[in-house]
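Dear colleague,

My notes on what was found in it follow directly after.

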Amino acid sequence: MKDVLSGLSPELARHRIINTSDTAAFVGFSTVHWRRLYKSGRAPSPVRLGGRKLGWRVGDLIDWLASHTR
């Protein structure tokens, strides 16, 4: 994941959308726990990628993590 983001400018990296399993790894949770969080409204809102597939903006995840580490 870091390899993909390291080649991008910081502004562009914040807008990159990653899938559910990559999101769970990015924030340090299991995929099952991450799904519980977003279904209960305790995680950033996902972006619908089509059908049932969801993704999250990296910038939203960074902001969410920062707000939960204080």
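Which residues of α4 are buried? They are W34, L37 and Y38, where buried means under 20% relative accessible area, exposed over 50% and partly exposed in between, with a 1.4 Å probe and protein chains only. Seen down the axis of α4, these buried residues fall within an arc of 90°, so they line one face of the helix; the arc is that of the directions from the helix axis to the C-beta atoms. R36 and K39 are exposed on the other side of α4.

Before going further, please note that this is a predicted model, in which local features need pLDDT of at least 70 and side-chain atom pairs count only at pLDDT 80 or more, while totals for chains, interfaces and linings use all residues. Residues are numbered from 1 along each chain as its sequence is written, and side-chain values use heavy atoms, with hydrogens and water left out. Helices (H or I, at least four residues) and strands (E, at least two) are DSSP runs, numbered from the N terminus.

The cover over the buried residues of α4 includes α3, β3 and α5, with contact meaning heavy atoms within 4.5 Å. Just after α4, G41 takes a positive phi of about 80°.

Helix α3 can be described in a similar way. Its buried residues are T20, T23, A24 and V27. They cover an arc of only 100° around the axis, which puts them on the same side of α3. Among the elements that cover them are β1 (17–19), α4 (31–39), β3 (53–57) and α5. G28 follows α3 and has a positive phi, near 85°.

T20, which is placed in helix α3, counts as buried because its relative accessibility is 11%. Leaving aside residues up to four places away in sequence, T20 touches T31, W34, R35, L54 and W56.

The packing of the helices comes next. Two packed helices are described by the angle between their axes and the distance between the axes. Here, axes are lines fitted to C-alpha atoms, for helices over the stretch in contact, and angles run from 0 to 180 degrees between N-to-C directions.

How do α3 and α4 pack? Their axes are 9 Å apart, at an angle of about 95°. The two helices are therefore roughly perpendicular to each other; angles of 65 to 115 degrees count as such, those under 35 as roughly parallel, those over 145 as roughly antiparallel and the rest as oblique. T20, S21, T23, A24 and V27 of α3 make the contact with T31, W34 and R35 of α4. By class, this contact has 3 nonpolar, 4 polar and 1 charged residues; Ala, Val, Leu, Ile, Met, Phe, Trp, Tyr, Cys and Pro count as nonpolar, Asp, Glu, Lys and Arg as charged, and the others, Gly among them, as polar.

For α3 (residues 20–27) and α5 (residues 58–68), the axes come within 11 Å and cross at roughly 30°. These helices are therefore roughly parallel to each other. In this contact, T23, F26 and V27 of α3 meet V58, L61, I62, W64 and L65 of α5. The residues involved divide into 7 nonpolar, 1 polar and no charged.

Finally, R52 lies in the loop between β2 (47–50) and β3. R52 is exposed, with a relative accessible area of 82%.

Yours sincerely
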